[in-house]
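My notes follow in the order I looked things up.

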Amino acid sequence: MGYLVRLISRSPEETEDIGFRLGKTLKAGDVIGLNGELGTGKTTMVKGIAGAFGIAKRDITSASFTIIAEYESDPTFYHIDLYRIGGDDDLDATGVWDCIGSDSVSVVEWAGMAEEGFPEHAIKVMIKAKGDDDREITIEGINEEDWNNLQIR
Ligand SMILES: Nc1ncnc2c1ncn2[C@@H]1O[C@H](COP(=O)(O)OP(=O)(O)OP(=O)(O)O)[C@@H](O)[C@H]1O
Ligand SMILES: [Mg+2]
């Protein structure tokens, strides 16, 4: 299961910072699954994670028609959003299984749609709204040493 951290974010900026810190612990082959209700801050967190790979946050969007966005960072970064996936056939047709894995870093919103197929070392993030701007963020499966050795920006 790995190390588990539970944090409170009080603003979108804090959620981005948590994402950035998480991003700094990642390496090629890592998969991060994000879950949480509509509008809780999944995409906001992806902006932070992507920042750790030199990707500008304005390039991370939640366009309704984009299921997979690929960024030419090193390693390649995939932002996947499964909100509109109807079922397993749909999921298989998206090509997500070609993205997730060995040479890339994949971050998946609405990961619950695909989690069964994730590698065992996948990191799970759950975001829960606790008020207008407060969010409880649980991160499960990160490398304890990497996480604790990192300074937030
Ligand atoms: N602490 C916080 N962390 C993240 N977002 C916050 C926070 N407080 C308020 N917000 C607001 O919540 C919204 C989060 O939107 P975002 O698109 O990141 O959510 P999402 O979970 O990706 O939504 P969707 O389910 O549509 O994909 C933004 O409008 C943001 O400003
Ligand atoms: Mg989103």
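How many of the residues of β2 are buried? I went through the strand and found 5 of its 5 residues buried, so β2 is mostly covered. For the record, I use buried for under 20% relative accessible area, exposed for over 50% and partly exposed for in between, with a 1.4 Å probe and protein chains only. Helices (H or I, at least four residues) and strands (E, at least two) are DSSP runs that I number from the N terminus.

Ground rules before I go on. This is a predicted model, where local features need pLDDT of at least 70 and side-chain atom pairs count only at pLDDT 80 or more, while totals for chains, interfaces and linings use all residues. Residues are numbered from 1 along each chain as its sequence is written, chains are lettered from A and ligands numbered from 1 in the order in which they are written, and side-chain values use heavy atoms, with hydrogens and water left out.

I checked both faces of β2. Val31, Gly33 and Asn35 sit on one side, Ile32 and Leu34 on the other, and all are buried.

Next I looked at pairing, which takes at least two DSSP bridges between two strands. β2 (residues 31-35) runs parallel to β5, with 4 bridges joining them. β2 also runs parallel to β6 (residues 123-129), again through 4 bridges. Gly33 stands opposite Val108 in β5 and opposite Lys124 in β6.

**Entry: β5**

I then moved to β5, where 6 of 6 residues are buried. Ser104, Ser106 and Val108 point one way, and Val105, Val107 and Glu109 point the other. On pairing, β4 (residues 76-81) and β5 are parallel over 6 bridges. Here Ile80 is what I found opposite Val108.

**Entry: the magnesium ion**

Which residues coordinate the magnesium ion? I found Thr43 (OG1) and Glu109 (OE), at 2.1 to 2.2 Å from ligand 2. Thr43 lies in helix α2 and Glu109 in strand β5 (residues 104-109), so the pair ties together parts that are 66 residues apart in sequence. Donors here are N, O and S atoms within 2.8 Å of the metal (3.2 Å for Na, K and Ca), and water is not among the atoms, so sites may look incomplete. Thr43 and Glu109 are both buried.

I followed Glu109 to a neighbour. Its side chain makes a polar contact of 2.7 Å with the side chain of His79. By polar contact I mean a pair of N or O atoms within 3.5 Å; within protein, one must be able to donate a hydrogen and the other to accept it, and residues adjacent in sequence count only if both atoms are side-chain atoms. His79 lies in strand β4 and counts as buried because its relative accessibility is 4%.

From Thr43 I also looked across to Thr61. The two are 18 residues apart in sequence and 7.2 Å apart in space, C-alpha to C-alpha. Thr61 belongs to the loop between α2 and β3 (68-71), and its 43% relative accessibility is why I list it as partly exposed.

**Entry: ligand 1**

I counted 18 residues around ligand 1, with Thr15, Lys42, Thr43, Thr44 and Asp133 coming nearest. A residue gets in if one of its heavy atoms lies within 4 Å. α1 (12-24) and α2 (42-51) each supply at least two residues of this shell, and α2 gives the largest share, 3 residues.

Then the polar atoms. A backbone N or O atom of Thr43 is 2.8 Å from an oxygen atom of ligand 1. A side-chain N or O atom of Ser9 is 3.0 Å from a nitrogen atom of ligand 1. Arg135 has a polar side-chain atom 3.2 Å from an oxygen atom of ligand 1.

Last, I looked at the backbone. Asp74 and Pro75 are joined by a cis peptide bond, with omega about 0 degrees. Pro75 is in the loop between β3 and β4. Trp110, in the loop between β5 and β6, has a positive phi near 55 degrees. I noted both since most residues other than glycine have a negative phi, and most peptide bonds are trans.
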